[in-house]
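Visitor: I am new to this structure. Could you show me how to read it?

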Amino acid sequence: MKVHAILNRHGGTLRTTDLELLSSAIRGEFQLHGHEAEVELVDGPEVGESIERQARRDDLDVLMVGGGDGTVSSAAAAVAGTQIALGILPAGTMNLFARSLQIPMGLDPAVKALANGRITDVDIASVNGRYFVHQFAVGMHARMVRTREKLDYSSRIGKMWASARAVVTAASALPMVDLRFEIDGKAQVVRTPAVAISNNIYGDGHLPYADDPQGGKLGIYIMRATSRLAVLKTTVDMMRGAWKDTDNLTVITADEIVIEHRRSKSRNRSVMDGELRALDRRSEVKIHPRGLKVLVPEEAAF
């Protein structure tokens, strides 16, 4: 395989990593398994441009990225539907899509597992044609991210603490949104604090990520709680993988969902793979089975 790795100097744990040593390890480990690996160190603002440039190559087998969820999502969107596979070095806070792909969480173990890995096809989802790999959310999640971005943090632990504070703040404000849904062609109107849509249904007993990235279905999670305490508890249950135990959540699987939103405010009202986005008046969310090639460990079980 020919592999090009893009390391975001300012992405997640890479900020405190010896990148020259990591680059040498990547090149050496892939060469040991008969592959050719290039490594590019990029400053945060330049990552998107570098991803787009590499995704246009016709001599590349794997585009591997190291950084946070935003970097991973951008790279997945760039190579979806092409012959280039996505490789992930988990350097973010949660690394949820990397967990779905059963990639080890440490950088060194991840490099070794991927160098001896295989390419396979997994699902990817989209909102109005924009791809995402983990989750699209409306309501409380967007307020949580807006709140978190106002807090100061300079480390992974700091970001996790800021996220916890933002969850409490968002739950105390209890924003409600009025949405019209069409789920696989069936319409309903819902008033809810939060809606999340995942690329495949979340697993049990762990952080919210899919156990089967080839499941072929969207997971739709509609918050039914209306009190602040119930919303906070349901949010915590979601984060710890106990979402099946709550009565305050409606969970549906589908191939497609259309969300109509009529409020005047749209800027930063939705979140896609951890990044704030404008919420379109009509959002068509679809799953694309096996629409993304990925590099996974040889022993990945899905």
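Guide: We will look at a sheet, a helix and the cores.

Guide: This is a predicted model, where local features need pLDDT of at least 70, side-chain atom pairs count only at pLDDT 80 or more, and totals for chains, interfaces and linings use all residues. Residues are numbered from 1 along each chain as its sequence is written, and side-chain values use heavy atoms, leaving out hydrogens and water.

Visitor: In what order do the strands of the open sheet come?

Guide: Strands of a sheet pair through backbone hydrogen bonds, either parallel or antiparallel. Here the 6 strands follow the order β12-β11-β10-β7-β14-β15, with antiparallel pairing. (Strands are DSSP runs of E, at least two residues, and helices of H or I, at least four, numbered from the N terminus; two strands pair if DSSP finds at least two bridges between them.) At the edges, β12 (249-254) and β15 (275-277) each pair on one side only.

Visitor: How many bridges join β11 to β12?

Guide: There are 6, and β11 covers residues 218-223. Isoleucine 220 stands opposite isoleucine 252 in β12.

Visitor: Is helix α3 mostly covered or uncovered?

Guide: In α3 (residues 69-79), 8 of the 11 residues are buried, that is, under 20% relative accessible area with a 1.4 Å probe, protein chains only. Among them are Val72 and Ala76. Glycine 81, with a positive phi near 80°, follows α3.

Visitor: Which residues have the most contacts inside the largest nonpolar core?

Guide: A nonpolar core is a set of buried Ala, Val, Leu, Ile, Met, Phe, Trp, Tyr and Cys residues joined through side-chain atoms within 4.5 Å. The largest has 49 residues, with Leu86 and Leu292 having the most contacts inside it. Another core, of 22 residues, lies apart from it and includes Ile183 and Leu279.

Notes:
Buried means under 20% relative accessible area, exposed over 50%, partly exposed in between (1.4 Å probe, protein chains only).
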